[in-house]
Amino acid sequence: MILVFDPQLTGHHSEYIGHLVEHIYQRPQGMKVTFVVHPEFASRFPDIRHKAKRSPEIEWIGLHQEEISKITQGNMASRSNAEFRIMDKYATTFQADHVIALYFNTIQLALSYQRPRYSISGILFLQFFRMERGNLKDKLKYYRKYLTTWLYTKNKRLTKVFILNDDQTVDFLNTTFRTSIFEMLSDPIPNLKPLEGFDIYSHYKIPPTRKILLHIGSLGDRKGTYETLASTRYIDKEAQADYTLLLVGKVRSKAESVKLNEAISACQKETDCQIIWDEQFVSNDMMKSLFDRCDVVLMPYKNPEASSGILGHAANSGKPVVTVDKGLLGHIVKREGLGVLVNNVDPVELGAAIPRAVRFRPSRERLGEFVKKGSQEVFADLLMTS
C-alpha cells in the first residue's frame, strides 16, 4: 500500500496530484494508493477528486483543518515534527508500505532522526547547491541545509529524493554525501485544454491594443511580485499605455492581501500601464487560456535554488519569460532559449526587459524539445516506483 501525502494546496501541488491520479486511473497499479491531502483540495479541484472516485485503487482522505494549523505554526523544527507526526499517523492507520511525500522540504529535518517502519520518497524543491553565500547569514543557511541533508541521507528508510530539472545538483548531492538516493525528475508539463470561447480581453476588460504581461501563481515577496508591480513605472512613459500587467493568484494572508492592494493602488497613480489582480487560484483550463493569450510571462523569483512549473506552461504555450540570470531557473532559460534574463530582481531592470521580451521569439524547435522532456507519464511512473 502506497500513501501519497501532500498537505499543500497552492501552485504545482494540484497538478502533481492530478498527474498521479490520472496515471493510476489509466494504468492500474495492482495496489491500494491512499491520497492524504489538504481539506479544501476536493472542493477546489473537483475534476481530480471525481476521477479519483472512479478508480477502485484510490482512497481519498482530507486532512482536518486543525492538522493544517499545526503544520503552519511555530518554528521550522516544530513544523517539521508536526507534519511528520501527522503523516506517520495516516501511514500507520492505513498500514502503508511506502509513503510519497510530494513536498519533502518540511519533513526533511524530522527524517534526520525519525525512523518509521515504512519506506519514504519525496520531491525536494529547495536544496542548497545553488545557494548564494555572499554574507554570514547566507553561509549559515547553506551549512544548516548541508547538515540537515547529511543527517537524513543516513536514514535507511529513505529510498529516493527527487530534484526537479537539475542533474548538476543530483550529481553534487550524490557525490558529496556518498549516496545514490538523489535522482533528477523532470517537472511535468501537462497538455491542458483552454476554455472554449475564452477571450482574455473581454473577460478582464483589457483594451485589445495592449500587450498582456502575466504574473501567475502564489504571489508575494519571494516571487518578486512587488518588484514586478513596480516595474511598470520604469517602462518608457510613452509606451506604458501599451501594456496590461495581469496578476493572477493569491497571497498567504489577509494582511498580505491588504499590502498588495495598497501597492497596486499606489502604482496605478504613477503609471499608465493597466494593472489587474485576479485574486484566485484558477482552474487548469482557465490557466491554459491565460498562458495562450498573454504575450509575456513574468517570473522574477528570488530563490535561485528552485525551478518552477510556470516555466513549462509558458513554454507549452510558446510564450517568452522574464526571469533572473541566477540559479536553476536562469540556467534553464539560458540553456533552452526560453526568454529574457535580468541580473537582479530590480524594478528598473524588469521595466527595461519587458519590451525586449515582447519582441523575443523563442525557437519553435527548441520549445518543442523542452516540452517533450516533461512527460507526465515519466513523472508519475518514477514517483510510483520510488
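Predicted model: local features only at pLDDT ≥ 70, side-chain atom pairs only at ≥ 80, totals over all residues.

Q: How are two packed helices described?
A: By the angle between their axes and the distance between the axes. Take H1 and H3, residues 46–53. Their axes come within 9 Å and cross at roughly 25°. Angles under 35 degrees count as roughly parallel, so H1 is roughly parallel to H3.

Q: Which residues of H1 meet H3?
A: From H1 come Ser14, Ile17, Gly18, Val21, Glu22 and Tyr25. They meet Ile48, Lys51 and Ala52 in H3. The residues of this contact of H1 with H3 divide into 5 nonpolar, 2 polar and 2 charged. The crossing of H1 past H3 is left-handed.

Q: At what angle do H12 and H15 pack?
A: At about 135°, with the axes of H12 and H15 9 Å apart. That makes H12 oblique to H15. H12 contributes Leu311, Gly312, Ala315 and Asn316 to the contact, and H15 contributes Leu367, Phe370 and Val371. The contact of H12 with H15 divides into 5 nonpolar, 2 polar and no charged residues. H12 passes H15 in a left-handed crossing.

Q: Which residues of helix H11 are buried?
A: Start with the list, then ask what it packs against. In H11, residues 284–293, the buried ones are Met286, Met287, Lys288, Ser289, Leu290 and Phe291.

Q: What do the buried residues of H11 pack against?
A: Helices and strands are both on the list. The helices are H1 (13–26), H8 (200–204) and H12 (309–316). The strands are E8 (211–216), E9 (243–248) and E11 (296–298).

Q: Is Thr169 buried or exposed?
A: Look at relative accessible area; under 20% is buried. Thr169 is at 0%, so Thr169 counts as buried. Thr169 sits in helix H7, residues 167–176. Neighbours within four places in sequence aside, Thr169 is in contact with Gln127, Phe129, Arg130 and Ile163.

Q: Where is Gln127?
A: Gln127 is in the loop between strand E5 (119–124) and helix H6 (136–152). Gln127 has 3% relative accessibility, so Gln127 is buried. A polar atom of the Gln127 side chain lies 2.8 Å from the backbone nitrogen of Phe129.

Q: How many residues apart in sequence are Thr153 and Ser112?
A: Compare sequence with space. Thr153 and Ser112 are 41 residues apart in sequence, yet their C-alpha atoms are 7.7 Å apart. Thr153 lies in the loop between H6 and strand E6 (158–164). At 13% relative accessibility, Thr153 counts as buried. Residues up to four places away in sequence aside, Thr153 touches Phe177, Ile181 and Phe182.

Q: What is the phi of Arg178?
A: Arg178 has a positive phi of about 50°, although Arg178 is not a glycine. Arg178 lies in the loop between H7 and strand E7 (182–185). Its relative accessibility is 81%, so Arg178 counts as exposed.

Q: Where is Lys205 found?
A: Lys205 is in the loop between H8 and E8. Read its backbone angle as well. Lys205 has phi near 60°, a positive value in a residue other than glycine. With a relative accessible area of 68%, Lys205 is exposed.

Methods
Residues numbered from 1 in each chain as written. Heavy atoms only, no water. Helix = DSSP H or I, 4+ residues; strand = E, 2+ residues; numbered from the N terminus. Buried < 20%, exposed > 50% of the residue type's maximum accessible area, 1.4 Å probe, protein only. Contact = heavy atoms within 4.5 Å. Polar contact = N/O pair within 3.5 Å; in protein donor to acceptor, adjacent residues only side chain to side chain. Axes fitted to C-alpha atoms, helices over the stretch in contact; angles between N-to-C directions. Parallel < 35°, antiparallel > 145°, perpendicular 65-115°, else oblique. Left-handed = near helix turned anticlockwise from the far one by under 90°. Nonpolar A, V, L, I, M, F, W, Y, C, P; charged D, E, K, R; others polar.
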